[in-house]
Amino acid sequence: MDHSAPGRAARALSFLRRHRVFAAAFGVGAVLRLITMLGYGPAMWFNDSYEYVSVALHPRPHPIRPDGYSFWLMLLQPFHSFTLVILTQHLMGLATAALIYALLRRKFALPKWGATLAAAPVLFDAYQIQLEQLVMSDTMFTLLVVGVITLVLWKRRLSWQAGAVIGLLLALTWLTRSIGLPILALVVLYLLVKRTGWRPIVAVVVTCAVPVMAYMGWFAAANGKFAMTNSDGLILYMRTAIFADCDKMNIDKYREVQLLLLCINDPVEQRKDYAQWYLWGQGNGDGTGTGEVLHRWGTNKKFSEITNEAASAFATRAILSQPGDYLGVVARDFFRSFHWARPRFPDESTYNMYQFKPYYEIDENGQPKRLPKWSSYQGGRTDTDAFSYEQGPPETRIVHPWADIMSAYQKVFYLRGIMLGGILLVGLYGVVVRWRKFGGPVVLPWLGSVGLLLAPAATAEFDYRYVLPAVPLACIAAAITLRRRVTSGRRSSKSASASEPTTLPA
C-alpha cells in the first residue's frame, strides 16, 4: 500500500515521457483553454444558447431542436455555474483530441508526431476553443461523433456489447443534434459492408432506437406528433425560400391554399442571399416583407405541426420543380467551407458571435450590452432564465490581459478553409486507392466529414460552427490515408499492410 502511490506516479511519468509530443501539445491546448476561461467568464453566448438554458430549467421537448444538450445542462444545474458548464466543454474538446491520438496510434500505428498533428486542429484552432466557450451543443456533439467513429474502427471484429455502446452514443448524438440520424445510417451501412455480423448491427440499432423512441414519445405527449421536432420542414423551407418561384411550382390555387400562403412575393433577384432570414426575419412591417411570410400563420403558430408540414410540402415542391436552383444554393454553401478567410456570413451579428473580442459591445445608451430579453417557448425569459441558472449575473465578463491574448491568437491560429479542403482531398485519395475494399477504414470518417459539411448546406444554411465538427473526422481520414508513407521509414510495406483491417470484402 505504501508503494502504490509512487508506483502510479512513476507509471504516469513513464506514460507522459513515451507520449511527450502529444502531452506537450495537449498541455498547450489546456493552457489556451484556461486563458479563455479567465478572459471570457463565466461563458459566451449565442442566440440559441438561451433556449438550451430555458429547457434545462423548464423541461419540455423543444419544438425546434432536440433536448440532449439541455439534459446535460440540467445535470449540472444544481451547481449553478456556467463556469462549470464551460469547463466540462473544454474537457470534451481535449478528450476529442485524445481520442484521435489514441485511435491513430493504437489502431493504425502512426508515429507519435503524426497522430499529434492530426489532433492539432482540435487542440489549437481558436474557433474550436471559442466554440467550447459558448453555451452551445456543438462541442458535445463533436465528442460523441468522434467517440462513435473511434469505437467502430477500434477492432476488426465488433462484439454485440461494443455495438450496444455505439448505439447508445449514436442515440445521444441524435438527441444532441438532428444530424445524428444520417450518422447512424452511415455507421450501419459501414458495418454491413464490413460484414460485421447481425448481432452487433442489431445491438447498434436497438440501443439507439430505444432512447430516441422514448424521446419521440415524450414529444408526442406534449405536441401530438411522434417526432423529434416541429422544425425540420420549416428549416428546409428557409433553405428553398432563396430561389423558390411559385410560378414554376404549378401550385393549384384552389386545392393547395396552404402552399400559396408560403409563396414569397418579392422577385428572386431581390431576395436576401442568406436563408435564415426567411425563418427568423420580421419583414418590413407592411405585411409584404419576405420575413413576414411565416407570420401569416400567426406568430405563436410558426413551429406548430400544421405549419411545419405545409412548409415541408412547399420546400419539397420547390426542390422538385427547380432542382438546378436547389443544387446551386447547396453547392454555394458547401464550398463556403473552403474559403481562405472567414467571410462575414450570414451577417455581421452572427459573425461577431464567433469572435474573441477584447471589448464590450455597446447598446444604444452607451452601456455594455446585457443578455437579450426574449420570451422563451412555453414561458420564461432569456435573461431571467440565465440569471436563475447561474444564481448571479450570467453576462460575459471580459478580463484583460487574457481576453487580449485570445483575441490576438484568433487572428492567426485557426484552420483555414482551403486547408480543410486539402485534408479532405487527401482522404478522398485514400478512399479511391482502396476502392476494392470500398474505401477501407478511410471511408467512414471521410464520408462522415463530408456529410457534416453537406447536410447543413442541403437542409438549412452554411454556418461556421457546422464546419468544426467535420474537421476531426477529416483529419482521421487523411491520417489513415498517409499512414503507409509516414511509417515506411521504420517498417516494410508488407508489415504496414498487415496492420490495416482486412475484413472488408476484396
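**Surface patches and backbone features of the predicted model**

The structure is a predicted model, in which local features need pLDDT of at least 70 and side-chain atom pairs count only at pLDDT 80 or more, while totals for chains, interfaces and linings use all residues. Residues are numbered from 1 along each chain as its sequence is written, and side-chain values use heavy atoms, with hydrogens and water left out.

The nonpolar patch covers about 400 Å² and consists of Leu34, Leu38, Val399, Trp402 and Ile405. Patch residues have over 30% relative accessible area and no salt bridge, with like charges joined within 9 Å and nonpolar side chains (Val, Leu, Ile, Met, Phe, Trp, Tyr) within 5 Å. Accessible areas come from the Shrake-Rupley method with a 1.4 Å probe, and for residues only the protein chains shown count as cover. A salt bridge is a side-chain nitrogen of Lys or Arg within 4 Å of a carboxyl oxygen of Asp or Glu. Isoleucine 405, in helix H19, is partly exposed at 37% relative accessible area (buried, under 20%; exposed, over 50%; partly exposed, in between; 1.4 Å probe, protein chains only).

Arg17, Arg18, Arg20 and Lys112 form a positive surface patch. Lys and Arg count as positive and Asp and Glu as negative, whereas His and the chain ends are not counted; the place of a charge is NZ of Lys, CZ of Arg, CG of Asp or CD of Glu. Arginine 17 belongs to helix H1 (residues 4-18).

Most residues other than glycine have a negative phi, and most peptide bonds are trans. The bond from glycine 41 to proline 42 is cis, with omega near -5 degrees; proline 42 lies in the loop between strand E1 (40-41) and helix H3 (49-57). A cis bond also links histidine 400 to proline 401, with omega near 5 degrees, and proline 401 is located in the loop between E2 and H19.

Positive phi values occur at arginine 195, near 60 degrees, and at asparagine 250, about 55 degrees. Arginine 195 occupies the loop between helix H10 (180-193) and helix H11 (198-223) and is exposed at 59% relative accessibility. Asparagine 250, in the loop between helix H12 (232-240) and helix H13 (257-260), is exposed with a relative accessible area of 67%.

Definitions and conventions: Helices (H or I, at least four residues) and strands (E, at least two) are DSSP runs, numbered from the N terminus.
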